[in-house]
Amino acid sequence: MKSAWPLFLAWKQLFPSQRKVSFFSLLAIIGVALGVNVMIVVVAFMQGFQQKFRTDIIDSQGHARAVPLHRQLDWRESVETIKGKSQVSKVTPYLQGHLLVQNRDYNAVPFSMGIEPTDGNGVLPINEFLKNGHIAIQGYDSKDLTPVPTTQTLEDDVVFITQQVANRLGVRPSTILQIYDLNKSENNSISKGDISVVRLDPFVKSGEWVIEFSNDQNFSLRNALGTIERHASLGSGPPDLGWGYPKFDIKEGDYPFASGDIYKFQVFRSSILEVYSPSMIENAKSDEMAPPREVRVGGIFEVPWQGFHADALFGTRRFMEDMRGEVDVCDGFFIKFKSEFFEDEGRLGQLCTKLEDDLDGDWSVMPWFVENAWFFDLLKFEEYLMVLIMIPIGLVAAFAIAIALMTTVLRKIREIGLLVAMGGSRFAVGTIFCFQGFIIGSMGALLGCALALLFIRYRDSLMNFIVTRIAGEEGQAGVTQFYDFYSLDVPYPWESEQSLSTFLTFILFAILVSTVAGLLPAWRAARMNPAEALRSE
Amino acid sequence: MSNNDRNIVLQAEGLCKSFSVVGEKLKVLEEIDLKLKKSSSLSIRGDSGCGKTTLLNLLARLEPADSGLLHWGAKIINAQDKPCSKEANWRAKYIGVVYQSYYLIPELTVLENVMMSVRLSKLSLTNYKERALQLLEEMGVGNKCQQIPTKLSGGERQRVAIARALVNNPVVILADEPTGNLDERTGGEVMDLLLNTCSKEGTSLILVTHNPNYARATEQSSFLKDGRLIYE
Ligand SMILES: Nc1ncnc2c1ncn2[C@@H]1O[C@H](COP(=O)(O)OP(=O)(O)OP(=O)(O)O)[C@@H](O)[C@H]1O
Ligand SMILES: [Mg+2]
């Protein structure tokens, strides 16, 4: 520590003895901290969004897609070959095309995809998509009990469509509402237990259903027409009337049900769509009008990735075969690899090439990032943009610090002269100011990191606070629809290498900029003639 | 070098210095010869602007001379060379300075100001802390160690500055009107302290002053006039 007197003086000028901190250093450190904080948070959030886009893209098409290079008859064999690979976790064959879908006078031409219902939730998380697309009806005197549809209800006469198609056609899947009797509010009391609907298939008929308790254990389930009436107890649970009827479930609450408790439900059947294939339309021109295929709306889905077709339809593979008038065909496979392979794009690419070889060159296997090359262009662009933003911010910060330190140099001319007269070399005197820049940069960077960690930790409540202030409670729903920051995964530096490198980059950047900012004042101080410095008033 | 010269701690031979002011050459010092023996003291008087401060700056190697030679003990320095950092290191240990203005560093406490000298000469802080406290005690400001200098009076500040100049046992003290900013009584006290401590510690002293009384208190007195030193 003997030779470290410039560091000592630098420290003391920022944090003088007998005082806590100088105003200048406080401002400078806070300035650097805010800068570092903002940069880290922005980049961390951008990385979070990138990660989200990645998973969204992969969710909507798997890690890779295999497309036949010529008409394959033995595609089932190829599926088995791919399934046999140890790195592969799921394979979904699909058929695709466009269909004309009609409801009365409204029509749409969604991008349509046929998949095996058995592995419907295989590569594509269709059940998740259905959950995203499910919208409960908000009623004043009713409660929507419709369960979220799943691929279990997907059969050859059932399709899932996107929100946009449903809106255009004015259709919806089957729905069940519990109707409250507003005059008898006691029946709605929550503590009396809960009745839910566990299954509502696409083929249920419209109608009213009633559950009425005869005592605290026994109840009857009947339809309003009086054609069906079943008696059951809480022990056995509500009876399953089979496909085509809603299946209820009753959970007991704090208070027992009592004789005369009545629960009413209204079922609305699902809409029926008329579907035409391109070939049917072709035939219609030659006056051979074939009747359309009628299918039920089984559910409404939403793919979180904006790049996916807004008008889309999922049906079974056989349904698509029927529509195309072909048998046992396949347009390709969606492939999902085991998790250890998909983080690394290079390995994924190699894997795909190897898979092509294993399939005797009959199939082209494209990894997701090749098919979505534009996505990486976007990332590159984003990166350039960041650099473009960072450079001026860094320069402004550097100038501010340089000016402040320069003022210090001019204010301390005579002290600088004295330090040289006392035996300090001019170079060493100069380094005082570099050290000051370094200290400001380091402390600001650390403080900025701490702020950034706090921000990441409390991002949800913070964003919530800001968005509700700006957009209000309702606007918030709109904002989250586009920027779903609640589901954003923003990792801490100890959780991911990428985050760690972001933090380190900005720490180094801040320290470097601040130290460099000290160079000019340092040079100014070192250049000073000590004799003249001592003379100056 | 003769045996006699062993005792010489500071010597100047033929120091010349001129400044160019608005194109004209202003000769300030002409052929200054000066010898300072160990533990001796020399006062320099002279009219304002005659070059006393300039002479001290040349002796301390804060700026180059036009010509001449300097001896810092056994070290011989060409006075017209630009001062280098090697000389700065020598100076830290060899020469202590006291100025009319006190030049204490406001961000440091009194004790830390004194210890700056120790830091600059790269001596051990722990070894010299004791001495710094003792010097401050001798200077009569022992109770102000943890104060910051802006809260001290002028006389107190100069006492601290003197302690700072002496703390690392320099061979020579160069004092440029150390009492210039003080009233007569305080100035007298401070001057007594400076002279007494220097002679007690065996430190040589060059004292620039306007006050003939102080000048008489040194072993040797001189007068700077027309760029030459005249010994009385
Ligand atoms: N850097 C400089 N450039 C030009 N002239 C200078 C410079 N430094 C000093 N001088 C001139 O040199 C002369 C001597 O100055 P110096 O400060 O040595 O005088 P001094 O004897 O210390 O006077 P005082 O008793 O008032 O302190 C003055 O005339 C001054 O104007
Ligand atoms: Mg002077």
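A:F257 and A:Y263 are both buried, where buried means under 20% relative accessible area, exposed over 50% and partly exposed in between, with a 1.4 Å probe and protein chains only. The model is predicted: local features need pLDDT of at least 70, side-chain atom pairs count only at pLDDT 80 or more, and totals for chains, interfaces and linings use all residues. Side-chain values use heavy atoms, with hydrogens and water left out, while residues are numbered from 1 along each chain as its sequence is written, and chains are lettered from A and ligands numbered from 1 in the order in which they are written.

A:F213, A:F219, A:F257 and A:Y263 make up one aromatic cluster. Rings of Phe, Tyr and Trp (its six-membered ring) pair if their centres lie within 6.5 Å; planes under 30 degrees apart count as stacked, over 60 as edge-to-face and the rest as tilted. Over all chains, a search of the whole structure gives 15 aromatic pairs. In one of them, the ring centres of A:Y94 and A:F334 are 4.4 Å apart with the planes at 20 degrees, so this pair is stacked. The two residues are 240 residues apart, A:Y94 in strand β2 and A:F334 in strand β18 of chain A, and the pair thus links distant parts of the chain. Both A:Y94 and A:F334 are buried. The pair of A:F257 and A:Y263 is edge-to-face, at 6.0 Å centre to centre and 85 degrees between the planes.

Charged side chains also meet rings. A charge sits over a ring if NZ of Lys or CZ of Arg is within 6 Å of the ring centre and within 35 degrees of the ring normal. The charged end of A:K205 is placed over the ring of A:Y245, 5.6 Å from its centre, and A:R457 lies over the face of A:Y458 at 4.6 Å from the ring centre.

The next topic is the sheet of chain A. Helices (H or I, at least four residues) and strands (E, at least two) are DSSP runs, numbered from the N terminus, and two strands pair if DSSP finds at least two bridges between them. In chain A, 11 strands form an open sheet of mixed pairing, in the order β4-β3-β15-β16-β7-β17-β5-β2-β18-β1-β19. β4 (106-108) and β19 (363-367) of chain A stand at the edges with a single partner strand each, so one side of each has no neighbour in the sheet. From one strand to the next the twist averages 35 degrees. Axes are lines fitted to C-alpha atoms, for helices over the stretch in contact, and angles run from 0 to 180 degrees between N-to-C directions.

Within this sheet, β7 (158-162) and β16 (293-301) of chain A pair in the parallel sense over five bridges; A:I161 has A:I300 as its bridge partner in β16(A). Helix α4 (126-133) of chain A packs on the sheet, touching β5 (111-115), β7, β16 and β17 (312-316) of chain A, and its direction makes about 80 degrees with that of β16(A). Contact means heavy atoms within 4.5 Å.

A:G424 lies in the loop between α12 (413-421) and α13 (426-457) of chain A. With 1% relative accessibility, A:G424 counts as buried. Apart from neighbours within four places in sequence, its contacts are A:W5, A:L419, B:A88, B:R91 and B:L120.

In chain B, six strands form an open sheet in the order β6-β7-β8-β3-β9-β10, with mixed pairing.
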